[in-house]
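Morning, everyone. Please have a look at the structure on the screen before I start.

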Amino acid sequence: MEKIISINDCVIRFANVNGSGSASANNLFAKAVFRLGVPVSPKNIFPSNIQGLPTWYEVRVNEHGYLGRRGGADLIVAINGQTLRQDYDEVLPGGYFLFDSTRPLPDDFSRTDITVIAIPLTELCNREIDNPRLRQLLKNIVYVGALAHLLDMGLEVFIDSLQKQFRKKPQLAEPNIKALEIGYTYAKDHYPGACLLSIKKSDRAGNAILMDGNSALALGAVYAGATVAGWYPITPSTSVIEAFDKFTKKFRLEPESERRRAAIIQAEDELAAIGMVIGAAWNGARSFTATSGPGLSLMSEFLGLAYFAEIPVLLVDVQRAGPSTGMPTRTQQSDILAAAYASHGDTRHVLLFPCDPKECFDMMADGFDLAERLQTPVIIMSDLDLGMNDHISAPLAWDDDRRYDRGKVLTASELDGLKDWGRYRDVDGDGIGVRTIPGIHPTKGSYFTRGSSHNEYSAYTEDGATYERGMLRLLTKWETARGLVPRPHEKIAAPDTRIGVIFFGTSTHAAYEAIDILQKQGLSINSLRLRAFPFQQEVIDFINRHETVLVIEQNRDAQMRKLLLAESEIPASKLVPILHFDGLPITAQFIAERIRQALAARKSEIKGGSL
Amino acid sequence: MTFTRPKFRHPDLPPNALGYTRRDYEGALSTLCAGCGHDSISNAIIQACYELPLEPHRVVKMSGIGCSSKTPAYFLGRSHGFNSVHGRMPAIATGANMANRDLLYLGVSGDGDTASIGLGQFTHVVRRNLNMVYIVMNNGCYGLTKGQDSATADRGSTSKKGAPNLFESIDLCELAIQLGAGFVARGFSGDKIQLVPLLKAAMSHKGFSLVDVISPCVTFNNTNASTKSYQYVRDHAEATGTLDFIPLRQEITTEYQEGSTQEVPLHDGSVIYLYKGEGARDITNRRAAMDSLESHRVESRIMTGILYFQEGIEDTHEMIKTSQQPLNALQQEDLCPGNAALQQLMEGYR
């Protein structure tokens, strides 16, 4: 058997039962890799359940900084009896299978192409750990200790992490450290040199951070000055608001009174959640909500109101696998069309597509500026993979010279000087009127906001010409938005290549890696990463410059491709969909393979004369 | 209805204590049917705001969808208003109130808007004790879609459509008391003498105030067999007690005979004096209030007046301990922690 040999380049998968305390042990492992300076990308693959069902945690270690899922597992730590067979079968040939040998493997587990590492985790815990309540939890730490030896990581970085983690409760660190040592020693005594994967200290991670996208969004909201959040719990967006709650407690408490400079209201449903955001934004506070697909559906009616009455709403959609309840704990990019055109009547919304925690933070701040500048909803399209998994990212940073752009809002003294003010008059030619905030002026600036058709002075009208004028002005505003939203990122591999790819959000890392894979095979591909809707002319130009453009996305129906076609004059045959929608994050191998297939098919089409 | 209203007002219109005349509280011309109870309520709102007095620009008008929800255009033309979507006014009001706790939020809704499509939002805004006045213009039917029964139509009541309502009705006052509202009143659009002080008291109460006003729909639900017709309500209404509302700063000049009134002080120093009739109830007793509503219901009588009152219940801001300053007045300096704090925080993610 040829064992897999690698330094700082492997995939380790943990198979656990959820609710057994494995998450913190697995986190400890991923963080230790990161603290050794090696780029790491952990993915939690978990059920919609609290206790007792299979859950996996997949850690990709990669010196080159490829952070997407790779596919395949070199080492599987199999702690879940329910999935033992599956996990055993899925180890790559030449890979490693670590299991709790307190119960021996069944006889028909007879692969000869993998290395089996048997560690009696339960038995060791029962023997060495006095407190029976801790045994179950510490069993997880024991296998982390074993990995520390098997992967040549040493114990120091783990002990360090535990001490940091339990800084305030050192008595809890002690049994954890003991468990680490038990695992480490057992592996050292029984499996010296058995595992040829290793993780060595490196400086590749630089000053990066390891953070989940939802926390970054919440911090973005704090830094952008959000004060009101209405929300309804839904996976995978809940932790955005939980983090906002935590960070506002840290940063927004008034010293004496302990009162908070933020109001967070758990609503009765998503309809109320977005309604609260609209009410607060209308009244001059920066406000937001976070939801996922089902919530977005419920919010549609209100989004139409915000679009038509022109209220600056910020909405985060942490997408998950739909339709309907779908797979609530699996990832997808499948709300693109629902978000872009949310609500009845003619509506369009600004969308932003972050790809890592840094961009989550930045786009949250930009999103509030855009919403207030444009007086319209802005939807940040994250997903479960970005939101709930830890990602390596450049550290978040705030430019202290940056000022909030609160858009066109009249102050009391500005109102004093005004003669002919109308809420929806387009005085600047950019399609954006001037707002007033209730309560600021005793005689001027009050108006009646409505979702029914209105004239420039916000008075009710059913006059067709006036209605049309208003709707066309909203299109002028849409053009203004096109010039303000974040520009796409282009990477030109070869100026003369006729093949391009387009992708966005969490397909980014896997896509860049796939491009590198194909480049090594002699295929040069230019790429464009979308960061916003409406699309700028340079997106259309990029497509026009190439003969074939592959659009990579994580949904069944090629929603981004459809949106590109709907919003441009590009011939449909030019855009080839690359679709991944099984609910797991897309992998580089998948993309590379599908691109090869698609291009081969296209070549034969051309030969057959069908193009 | 009239199509124009003269702009002229008598030059000697008396100003209130803030220097505003009654016309400063008026709005656009109503487009509702002639004789609509809602117009009487609009007038009562104008009168109450003028008398209290309130500064028009410190009042925010909120509504959902329906005939009732159109009315905010017909009063308080100097106030900001928000006519939102059907049944969702409470969410808009909640958000607006979170943004600025210092304004008076006047929500206007109907029985369809509140008891059917908006029932969920209604119950939750009561539970949170949002500091607002919630006025229901209750006519037991959907006027704007031509007379379908609503969820507050009494079982057996018959509208112009001719078929008796088959379903049990929802009593919004009973529901609000059960959910912890601190001020619950029922009025009748045809009884302005009672309605104006009811509204004034509701506007002075801190926390959630419900004023459910029976407001006959002259076009679709004013039949002999309707329990929401002018005639029926006049015949069956029974006031819990006439009341005087004495605003803060106003000297009490009337002498109340010992034992003849119940004195109910409000947080701002205003006082409600309730005249006790025979069989008078204590309106601060929640269980008694529920019992009374039930016994009146059994006897097909409509109880009006303040049905339940409780001062001092924490409102939403107090429950969640928000800043005393309006959140919409906070500046970037108050809100943004700055880069140094962020970099310190980043250490925890390494």
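In which sense do S10(A) and S12(A) pair, and over how many bridges? S10(A) and S12(A) pair in the parallel sense, over two bridges; strands count as paired if DSSP finds at least two bridges between them. Helices (H or I, at least four residues) and strands (E, at least two) are DSSP runs, numbered from the N terminus.

Some housekeeping. This is a predicted model, where local features need pLDDT of at least 70, side-chain atom pairs count only at pLDDT 80 or more, and totals for chains, interfaces and linings use all residues. Residues are numbered from 1 along each chain as its sequence is written, and chains are lettered from A and ligands numbered from 1 in the order in which they are written.

Back to S12(A), residues 287-291. Five of its five residues are buried, so the strand is largely enclosed by the rest of the structure. Buried means that 20 or more other C-beta atoms, placed from the backbone, lie within 10 Å of the residue's own. A:Ser287, A:Thr289 and A:Thr291 point one way, and A:Phe288 and A:Ala290 the other way. In a regular strand the side chains alternate between the two faces of the sheet.

S17(A) and S2(B), residues 80-83, run parallel and are joined by three bridges. One of the partners is B:Asn83 in S2(B), which bridges to A:Arg450.

Note on methods:
Buried ≥ 20, exposed ≤ 12 C-beta atoms within 10 Å, placed from the backbone.
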